[in-house]
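Thanks for coming. I'll go through one structure today, a piece at a time. Have the model open while I talk.

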Amino acid sequence: MSRIGRLPITVPAGVEVKLDGSVINVKGAKGELSHTVASPIEVTQEENTLTVTRPNDERNSRSLHGLTRTLIANMIQGVTEGYEKKLEIVGTGYRVQAKGSDLEFALGYSHPVNVSAPEGITFVVEGPTKLSVSGINKQQVGEVAANIRKLRKPDPYKGKGVRYAGEVIRRKVGKAGK
């Protein structure tokens, strides 16, 4: 049995979960999310707990069991607390500015780089070199943060670029001098 998949999911107060066949709708204080459960997996609701079960021990069922439970738990956490990824910019002249709900980056290119916020994502600029990406969908927050990091990946020689807060960049030594 899957160690993660067999754990029950507790639904906190203020969160409304609706099961409609294979579609799960989760509604909370921060918003609403929905997910379609893959075919062999079944989700049952009893009062304020959700249980994810699988019909057999086939490879496909086992792989989807823990995944489905985790996705539902992430949806519940997203509508109650939300998710946030912090990014920091390292480099001389590298900075970020808020332009309404969008961001404008100066990353050493000949032009400023603009990033618009997708629906459900908010940007908070905490300083010229610090920003955070937040939203209720964990996958979307991670993807937007990864796309921002991709604008100028951290350089292994000097460490310049956009990185996650607390990320350690493995540094390489440069050319040996004479």
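When I say helix, I mean a DSSP run of H or I at least four residues long, numbered from the N terminus. On that basis Ser 63 sits in helix H1, residues 59-80. Keep in mind that this is a predicted model.

Let me stay with Ser 63 for a moment. Its side chain reaches the backbone oxygen of Asn 60 at 2.9 Å. Is Ser 63 buried, exposed or something in between? Its relative accessibility is 47%, so Ser 63 counts as partly exposed.

Next, the annotation. An unreviewed UniProt entry lists residues 11-82 and 90-164 under "domain: Large ribosomal subunit protein uL6 alpha-beta". In the model, residues 11-82 are 31% helix and 35% strand, with the end C-alpha atoms 15 Å apart. For residues 90-164 the figures are 17% helix and 41% strand, and there the end C-alpha atoms are 11 Å apart.

Now helix H2, residues 138-150. With 13 residues at 1.5 Å a residue, H2 should span 18 Å, and its end C-alpha atoms are 18 Å apart, so the two agree. Which residues of H2 are buried? They are Val 141, Val 144, Ala 145, Ile 148 and Arg 149. These residues cover an arc of only 140° around the axis, and therefore they lie on the same side of H2. Gln 139 and Lys 150 are exposed, on the face turned away from that buried side. At the start of the helix, a side-chain oxygen of Asn 137 comes to within 3.2 Å of the backbone nitrogen of Gln 139.

What covers the buried residues of H2? The cover includes strands E7 (83-90), E9 (102-106), E10 (113-115), E11 (121-127), E12 (130-135) and E13 (161-164).

In soluble globular proteins, nonpolar side chains tend to be buried together. Here the largest nonpolar core has 19 residues, and those touching the most other members are Ile 89, Leu 103, Phe 105, Phe 123, Leu 131, Val 133 and Ile 148. Two or more residues each come from E7, E9, E10, E11, E12 and H2. H2 gives the most, with four residues.

Two more residues and I'm done. Thr 36 is in strand E4, residues 32-36. Thr 36 counts as exposed because its relative accessibility is 51%, and the cut-off for exposed is over 50%. Apart from neighbours within four places in sequence, Thr 36 is in contact with Ser 22 and Val 23. Its C-alpha atom is separated by 9.0 Å from that of Asn 25, which is 11 residues away along the chain.

Last, Glu 47, in the loop between strand E5 (42-46) and strand E6 (49-53). Glu 47 counts as exposed because its relative accessibility is 78%.

Terms used: Residues are numbered from 1 along each chain as its sequence is written. This is a predicted model: local features need pLDDT of at least 70, side-chain atom pairs count only at pLDDT 80 or more; totals for chains, interfaces and linings use all residues. Side-chain values use heavy atoms; hydrogens and water are left out. The expected span of a helix is 1.5 Å times one less than its number of residues. Buried means under 20% relative accessible area, exposed over 50%, partly exposed in between (1.4 Å probe, protein chains only). The arc is that of the directions from the helix axis to the C-beta atoms. Contact means heavy atoms within 4.5 Å. A polar contact is a pair of N or O atoms within 3.5 Å; within protein, one must be able to donate a hydrogen and the other to accept it, and residues adjacent in sequence count only if both atoms are side-chain atoms. UniProt positions are given in the numbering used here, feature names are shortened, and annotations may be inferred rather than shown by experiment. A nonpolar core is a set of buried Ala, Val, Leu, Ile, Met, Phe, Trp, Tyr and Cys residues joined through side-chain atoms within 4.5 Å.
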